[in-house]
Structures are given as structure tokens and as C-alpha cells.
Amino acid sequence: MKFLPRLLNRGIRVGRLRVTGPAGEVHTFGQGGDAPEVAIRITDPAFDWRIFLNPELNAGEAYMDGALTFEKGDVYDLLTLFYRNRRRFDLTPKQIFWKRLARRGKRMVMGATPEAAKRNASHHYDIGNDLYRLMLDRDMQYSCGYWPEGVATLEDAQTAKKRRIAAKLALEPGQRVLDIGCGWGGMALYLAAAADVEVVGVTLAEEQLAIARARAEAAGLADRVRFELMDYRAVTETFDRVVSVGMLEHVGSAKLGAYFLAVRDRLGPDGVALIHAITTKAPPGGTSPFLRKYIFPGGYAPAMSETLAAIEHSGLWTLDVEIWRLHYALTIREWRARFAAVRDDLPERYDERFKRMWEFYLAAVEGVFRFSTSSVMQLQLGRELDSVPVTRGYIAEAEARYAAREPDFLPGLLASTDRSRVAGPSAP
């Protein structure tokens, strides 16, 4: 190996990495300290120059293909080691080149048509419900949980997230709510049960739709919660409230303005929207090449600056902004642990290459939220300046009110997930 030792010798200072090359040669990098000690073996001679060209994508593919294996530690330890030393790697010419290229090209590719959006959603969410049932909490919440003091389990963190969103929506009984990107239906069902509102949820993933509809029937909420296979741009009704959790990341940079115009147009007078999405403290950039190719084609987590700029052109008021730091790292840590626990018991259609791909994905995104620039934002938007009270006290009051009601309805909502197992296909 020629290029890789040179790159690692310059980049690894904290922690220690031992690399055994294709010919049996051994290289050691780093000085120990507060970072993992990892030992890997490389069996593909081409890895030396491929990793130099596009480190993240080619490292992920090497792990997926079995060309990168571990003699000490695991893929999360390796990525943690790199995140802890990331500033030295960020200064390499190749890293700078790829970052600039991603930023220049993102506006040409980040704006999916409705047809492309459906293909992208199907790529990730229609891979079979079995995996998500095993990895996620019982309510199948595939977004960041909320971890205030005293919350210790994934289930409680996801309930706390739904409770907080419901509180920020300032709901009144009988109101109508649009859930853009409703997933498997958990948020819509919670809002209907907790606040006595009507909800319309839209998704582009057929397997999610089947589960969501079955859950509404099983929970006895089909008269108040309706789920549709529909692009949000095709919705024409108006609503008192709009909620969107984990959907903004699928809109695309070029479509942010159109998205917030659509949110505005779906809101009636005094309407309020709550947008929950991944963001970054960095300037607008591009999606990780590994995530773009294998996990979220068309996905892009917008920077705060471009998100707020898009909102400014919509005419909506930004009523409140809350940044959740480290909450997603805590959530993904739980997903990784659950995936690892069921890895060897997954159905045969999830082959070894898929399992390695998923391990790399989960490890990488946890690292981004724990060590790098990503976080989660909650944006509360309104048609009018006084759409919600002028101080935040009403949020805590509503959270306490919903928490007191949860023992009456939450067990039934969670049981609806179990009863929905018979609904829809579970394999592509």
C-alpha cells in the first residue's frame, strides 16, 4: 500500500489504528488517548488508491463487500476514530475537492419530481417492514426521539417527541391536521387520540401506508385518521394544523421554497405548522456519497440558513425554533443496538452485504450527530404573528396534559402496531 499509509499517518493522532494490508504488511497509526483502538485488515489491493479518491463511499463499499474486516473493534469504533481526528482529514486536498464538488452540484440534483420522490421513498421505506419492526420502537417512529432528563428508553423518548410536537401545535378539539410524510402512522394516531383532532396523513411508501391504515382500524380511530398514498404537492384541502416529521430531508435544496409555499397554502386562517427535520451548523453542502447512493437517494438535510431563507419567501411567520443537540445520536445508538441484537435473525432476503451496509449507515449517522455538525431543528410556523401564545409556557402545560391522558390511550395505540402485522406485504 502506498497512498493509505500516507493519508492515515497525517490524519490519525488521537486513538490508534493498526492496518494489515493485502500482502500482510502491518502499519500502525496514532498515539493512543481518548479514542478507540482499532485493528482492520484490507484484502483488496485496489482499496489503497480507491480510498484516496473518495474515502467515505469507498470505505463503506469495502466494508459491505468484505474487503475491510475487523481484528479489533467494529465499524462504529473505526468511524468514531475518524470523527475524532476529522479536522486533519478535512484538510486533505481530496476531501476539500469532494466537498466543493458536492456543494456545486447539489442544486442540479436536489429537487425531486413527484415521480422521482416516490422512487426515492420506495428505495428506503419499501424494503420490508420486518427490519423496521425489529429495529425501531414499538410505535415504529423512524425519526429523532426526545431525551429530556429522566427519559431512559427509546420508547419513552419517542413518546416524549410526539407529546412535545402535539404541544407545540397548540391543538384544539375538532381541528383538522395534515401529516406530511406520515410514516407508519404513529404521529397521526397519537394526535387524534391525545387531542381529539382529525388527521390526514400522506406518504409515498406503499408498505408504510398498509401498516398505517391497519393501525387506524385496530386502534378504533379510522373515523378520525385517514392515510393516503399521495405526494404532499397533490393535497388541495386546507387544515388548521400541519405537521411534518423527517420529511424536509426528502424535499431537496431546489424545492425548499415550493415546500414552504405548499405548507402555507395548506394552512387555514390562524394555522400553525410544526416542521421537525435534520439540519447542520455548517453552510449549505451536499449529501454524503454513501448515503446518497445506498440509503437515501435524493436526500438532503438543509442548513438552517437556506431553510430560513425559504421560509422568508413563503410569507409564514417563524414563531419558534428549537435545536435538539445529541438527541439523534442517543436515538440512533438505540437503533444500532437493536439492529445488532437481531442481525443474525433477519429474514434471508436481507443478505450479508445488506447487513453490512446497514451497519455502516447506522454507525456513520450516529457519528455525524455525536461528533460532527448535524442536529435536529423544530420549526414552528404560523399564518399570523399571534397564532400561538407569545411565551412558551403553554408548551409545558400541554405536555403535562397529554402525559396525564397517555395511560388511557397509549397502550391501545401500541397494541395496534402488533395487530397490524397481518396487513400488507412484508417483503419487496
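In this predicted model, seven strands form an open sheet with mixed pairing, arranged in the order β7-β6-β5-β8-β9-β11-β10. The edge positions are taken by β7 (225-229) and β10 (317-324); each has a single partner strand, so one side of each is left without a neighbour in the sheet. Direction ignored, neighbouring strands of this sheet are turned by 15° against each other on average.

Within the sheet, strand β8 (residues 239-245) and strand β9 (residues 267-280) run parallel and are joined by six bridges. Ser244 has Ile275 in β9 as its bridge partner. Helix α11 (residues 206-218) packs on the sheet, where it touches β6 (198-203) and β7. The direction of α11 makes about 165° with that of β7.

Two helix pairs are described next. Two packed helices are described by the angle between their axes and the distance between the axes. The table gives these values for each pair.

| Helix pair | Angle | Distance between axes |
|---|---|---|
| α9 (residues 154-168) and α17 (residues 393-419) | about 130° | 8 Å |
| α3 (residues 55-65) and α16 (residues 352-371) | about 140° | 8 Å |

With an angle of about 130°, α9 and α17 are therefore oblique to each other. The crossing in which α9 passes α17 is right-handed. On the α9 side, the contact is made by Thr159, Arg163, Arg164, Ala166, Ala167 and Lys168. These residues meet Tyr394, Ile395, Ala398, Glu399, Tyr402, Ala403, Glu406 and Leu410 in α17. Eight residues of this contact are nonpolar, one is polar and five are charged.

For the other pair, the angle is about 140°, and α3 and α16 are therefore oblique to each other. Here α3 passes α16 in a right-handed crossing. From α3, the residues Glu56, Ala59, Gly60, Tyr63, Met64 and Asp65 take part, and they meet Arg353, Arg356, Met357, Glu359 and Phe360 in α16. The contact of α3 with α16 comprises five nonpolar residues, one polar residue and five charged residues.

Charged side chains also form salt bridges, of which 33 are found in a search of the whole structure. One of them joins Arg41 and Glu71, whose side chains meet at 2.7 Å, N to O. This pair links distant parts of the chain, the two residues being 30 residues apart. Arg41 lies in strand β3 (residues 37-42), whereas Glu71 belongs to strand β4 (residues 68-72).

Definitions and conventions: Residues numbered from 1 in each chain as written. Predicted model: local features only at pLDDT ≥ 70, side-chain atom pairs only at ≥ 80, totals over all residues. Heavy atoms only, no water. Axes fitted to C-alpha atoms, helices over the stretch in contact; angles between N-to-C directions. Helix = DSSP H or I, 4+ residues; strand = E, 2+ residues; numbered from the N terminus. Parallel < 35°, antiparallel > 145°, perpendicular 65-115°, else oblique. Left-handed = near helix turned anticlockwise from the far one by under 90°. Contact = heavy atoms within 4.5 Å. Nonpolar A, V, L, I, M, F, W, Y, C, P; charged D, E, K, R; others polar. Pairing = 2+ DSSP bridges. Salt bridge = Lys/Arg side-chain N within 4 Å of Asp/Glu carboxyl O.
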